[in-house]
Amino acid sequence: MSIRILVADNHGILRQGIQVLIEKHSDMEVVGQADNGLTAVEMARELQPDVVLMDVTMPVLNGIEATRQIKSELPEVKILALSVHAKGEFVLDMVKAGVSGYMLKECVLDDLIQAINTVVAGQSYLSPQIASIVLEGITKDSIFDITGNRHKLLSPREKQILQLLTEGRTTKQIAPQLGLSVKTIEANRRQIMEKTNVDNLADLTKYAIRQGLTTV
């Protein structure tokens, strides 16, 4: 049986290019494409692929939170991060969320195919530059201390609300999307600003971009 792959990336040309290259291998097929993190979660739930190729920075729901949700519901699905980001906070947040591997988009096709086969076999795959970041994290008291404490204060729900706010959605728009009341969203917004020590949306947006929760 072929390896079933879901490609999650907000760049259409990249998604299509990856599909064309992957499907040159008879033992692999791309079963779906997602252009944002929320769609990736929904499609993973519906299609139950063997592997999800997951970008880190995507609209609506970033790759970190999408990975966390998929692994929570579908622990058997392997997730391979494919990103331009090599900063420690991105890498370690993805590792903590449950990825089986992390690669940079500058990789060659042979490396990507090897990575897919590796994670399907139940092993981990890290490109050399990423492996050094993870090893550096291991030398700390906690592997995730390197990412900084302020970001860790936000709960997964707060991170999701922060991303939606910085993408221009109002509390009234966010509430039905997350199945929460407007009052709950407003309370979460106040909590986010208190935890990040930020009192305006412009600075909150800068913070979210630095943390990889949203894109410019």
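This is a predicted model: local features need pLDDT of at least 70, side-chain atom pairs count only at pLDDT 80 or more; totals for chains, interfaces and linings use all residues.

| Salt bridge | Closest N and O atoms |
|---|---|
| Asp 9 and Lys 105 | 2.6 Å |
| Glu 73 and Arg 45 | 2.8 Å |
| Lys 195 and Glu 158 | 2.9 Å |

Asp 9 forms a salt bridge with Lys 105. Because Asp 9 sits in the loop between β1 (3-8) and α1 (12-22), while Lys 105 sits in the loop between β5 (101-104) and α5 (109-120), this pair ties together parts that are 96 residues apart in sequence. Asp 9 is buried, with a relative accessible area of 3%, whereas Lys 105 is partly exposed, with a value of 25%. These two residues also belong to a network of salt bridges that links Asp 9, Asp 55 and Lys 105.

Glu 73 is paired with Arg 45. Glu 73 belongs to helix α3 (residues 63-73) and Arg 45 to helix α2 (residues 37-47), so the pair ties together parts that are 28 residues apart in sequence. Glu 73 counts as partly exposed at 43% relative accessibility, and Arg 45 counts as partly exposed at 39%.

Lys 195 forms a salt bridge with Glu 158. This pair links distant parts of the chain, with Lys 195 in helix α10 (residues 182-196) and Glu 158 in helix α8 (residues 156-166), 37 residues apart. Lys 195 is partly exposed, with a relative accessible area of 25%, whereas Glu 158 counts as buried at 5%.

Technical notes: Residues are numbered from 1 along each chain as its sequence is written. Side-chain values use heavy atoms; hydrogens and water are left out. A salt bridge is a side-chain nitrogen of Lys or Arg within 4 Å of a carboxyl oxygen of Asp or Glu. Helices (H or I, at least four residues) and strands (E, at least two) are DSSP runs, numbered from the N terminus. Buried means under 20% relative accessible area, exposed over 50%, partly exposed in between (1.4 Å probe, protein chains only).
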